[in-house]
Amino acid sequence: MATRIRLRRTGRKKLPIYRIVVADKEAPRDGRFIEIIGTYQPKLEGDKQMTLDVDKAKAWLAKGATPTDTVEALLKRAGALPSA
């Protein structure tokens, strides 16, 4: 099973909140997932914008999960991936 680390949208209209989840590659965006590893709220400022369990993210990356482009940028900002 190929896994991806990606965003799952929650929240309401005009106020998005995203959960950073590990899901099967074939699952729909807001469908079934394996584990929640963090949240991302783009409307907030500063440190409150993102929460991430860095240890879980590193563990899933070690198991072979591939992040999407957006999540990869978020992981670099959080320190879970080395900056290039």
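**Salt bridges and the sheet**

A: To begin, the side chains of Glu72 and Lys76 meet in a salt bridge, at 3.8 Å from N to O; a salt bridge here is a side-chain nitrogen of Lys or Arg within 4 Å of a carboxyl oxygen of Asp or Glu. This is a predicted model, in which local features need pLDDT of at least 70 and side-chain atom pairs count only at pLDDT 80 or more, while totals for chains, interfaces and linings use all residues. Residues are numbered from 1 along each chain as its sequence is written, and side-chain values use heavy atoms, with hydrogens and water left out.

Q: Where do Glu72 and Lys76 lie?
A: Both lie in helix α2 (residues 69–78), four residues apart, which is about one turn of the helix. Helices (H or I, at least four residues) and strands (E, at least two) are DSSP runs, numbered from the N terminus.

Q: How many salt bridges does the count come to?
A: The count comes to three salt bridges. One of them joins Glu35 to Lys56, with the closest N and O atoms 3.2 Å apart. That pair links distant parts of the chain, since Glu35 is in strand β3 (residues 35–40) and Lys56 is in helix α1 (residues 54–62), 21 residues apart. Glu35 is partly exposed at a relative accessible area of 21%, and Lys56 is partly exposed at 33%.

Q: What does Asp30 form a salt bridge with?
A: Asp30 forms a salt bridge with Arg29, where the closest N and O atoms are 2.8 Å apart. Asp30 is partly exposed, with a relative accessible area of 33%.

Q: Switching topic, what order do the strands of the sheet have?
A: The open sheet of five strands has the order β4-β3-β2-β1-β5, with mixed pairing. The edge strands are β4 (50–52) and β5 (66–67), each of which pairs on one side only. Two strands pair if DSSP finds at least two bridges between them.

Q: How many bridges join β1 to β2?
A: There are 10 bridges joining β1 to β2, which run antiparallel, and Arg4 has Ala23 in β2 as its bridge partner. In the hairpin of β1 and β2, which has two residues between the strands, Lys14 takes a positive phi near 65°.

Q: What about the β2 and β3 side?
A: Five bridges join β2 to β3, and these strands run antiparallel; Val22 stands opposite Glu35 in β3. Further along, β3 and β4 pair in the antiparallel sense over three bridges, with Thr39 having Thr51 in β4 as its bridge partner.

Q: Which strands does α1 lie across?
A: Helix α1 lies across β1 (3–12), β2 (15–24), β3, β4 and β5, and runs at about 125° to β3. Axes are lines fitted to C-alpha atoms, for helices over the stretch in contact, and angles run from 0 to 180 degrees between N-to-C directions.

Q: Back to charges: what is the nearest side chain of opposite charge to Arg8?
A: It is Asp30, 4.8 Å away, and Arg8 is buried yet has no salt bridge; Lys and Arg count as positive and Asp and Glu as negative, while His and the chain ends are not counted. Arg8 has its place in strand β1. Leaving aside neighbours within four places in sequence, Arg8 is in contact with residues including Tyr18, Asp30 and Phe33, where contact means heavy atoms within 4.5 Å.

Q: And what does the side chain of Arg6 reach?
A: The side chain of Arg6 reaches the backbone oxygen of Ala27 at 2.7 Å, and the backbone oxygen of Pro28 lies 3.1 Å from a polar atom of that side chain. Arg6, which has its place in strand β1, is buried yet has no salt bridge, the nearest side chain of opposite charge being Asp24, 7.6 Å away.

Note on methods:
Buried < 20%, exposed > 50% of the residue type's maximum accessible area, 1.4 Å probe, protein only. Polar contact = N/O pair within 3.5 Å; in protein donor to acceptor, adjacent residues only side chain to side chain.
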